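Load the model and keep the sequence beside it.

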Amino acid sequence: LPPGEIRMLAPDALEGIGASTHALPLGLTAHFIAAELGCAVVMLGIQPVRTDFGAPHSPLVSDAGEAIRRELQACYDSR
């Protein structure tokens, strides 16, 4: 995807992503949260420009994060 692109992902789309010796895969984590809380779980992802360890966020990624924040705030405010 182009850098800064936002996607809403179902837990099944995340299988095998994010596994390490210190973290559970994102899909497994989402399924655990859904089972424990009895709710639907989706993940929001932003396509990065760089994935180097310690690399700062690019302006495109920061702008996407701010767009998500504004949308979530608008949903909360309209309740």
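Ala 40 is exposed, with a relative accessible area of 77%. Here buried means under 20% relative accessible area, exposed means over 50%, and partly exposed is in between, with a 1.4 Å probe and protein chains only. Ala 40 sits in the loop between α1 and β2. Its C-alpha lies 9.2 Å from that of Ala 10, a residue 30 positions away along the chain.

This is a predicted model, in which local features need pLDDT of at least 70 and side-chain atom pairs count only at pLDDT 80 or more, while totals for chains, interfaces and linings use all residues. Residues are numbered from 1 along each chain as its sequence is written, and side-chain values use heavy atoms, with hydrogens and water left out.

Now turn to Leu 14. It belongs to the loop between β1 and α1 (26–37). Leu 14 is buried, at a relative accessible area of 3%. What does Leu 14 touch, not counting residues up to four places away in sequence? Its partners are Leu 9, Leu 26, Gly 27 and Met 43. A contact means heavy atoms within 4.5 Å. For Leu 14 and Gly 27, 13 residues apart in sequence, the C-alpha to C-alpha distance is 4.6 Å.

Step back to the chain. Its secondary structure comes to two helices and two strands. From the N terminus on, the order is β-α-β-α. These elements are DSSP runs numbered from the N terminus: helices are H or I with at least four residues, strands are E with at least two. Of the 79 residues in the chain, 13% are buried. Take contacts between residues at least 6 apart in sequence: 49% of them join residues at least 24 apart. The chain exposes about 6100 Å², and carbon and sulfur atoms supply 62% of that area. Areas come from the Shrake-Rupley method with a 1.4 Å probe; for residues, only the protein chains shown count as cover.

Check the cysteines next. Cys 39 is partly exposed, at a relative accessible area of 35%. Cys 75 is also partly exposed, at 48%. The structure holds zero disulfides, a disulfide being a pair of cysteine sulfur atoms within 2.5 Å.

The pockets come last. On a 1 Å grid over the protein atoms alone, a pocket is an open set of points where a 1.4 Å probe fits, with protein on both sides within 12 Å along at least five of seven lines; lining residues have an atom within 4 Å of a point. Grid points are joined across faces, edges and corners, and a volume is the space filled by probe spheres set on the points.

The largest pocket has a volume of about 210 Å³. Its lining has 13 residues, and Leu 9, Leu 14, Leu 44, Gly 45 and Ile 46 lie nearest the centre. β1 (6–9) and β2 (43–46) each supply at least two lining residues. β2 gives the most, with four. The lining divides into nine nonpolar, two polar and two charged residues. Nonpolar covers Ala, Val, Leu, Ile, Met, Phe, Trp, Tyr, Cys and Pro; charged covers Asp, Glu, Lys and Arg; the others, Gly among them, are polar.

The second largest pocket holds about 160 Å³ of space. Among its lining residues are Ile 46, Pro 48, Arg 50, His 57 and Val 61. This lining splits into six nonpolar, three polar and one charged.
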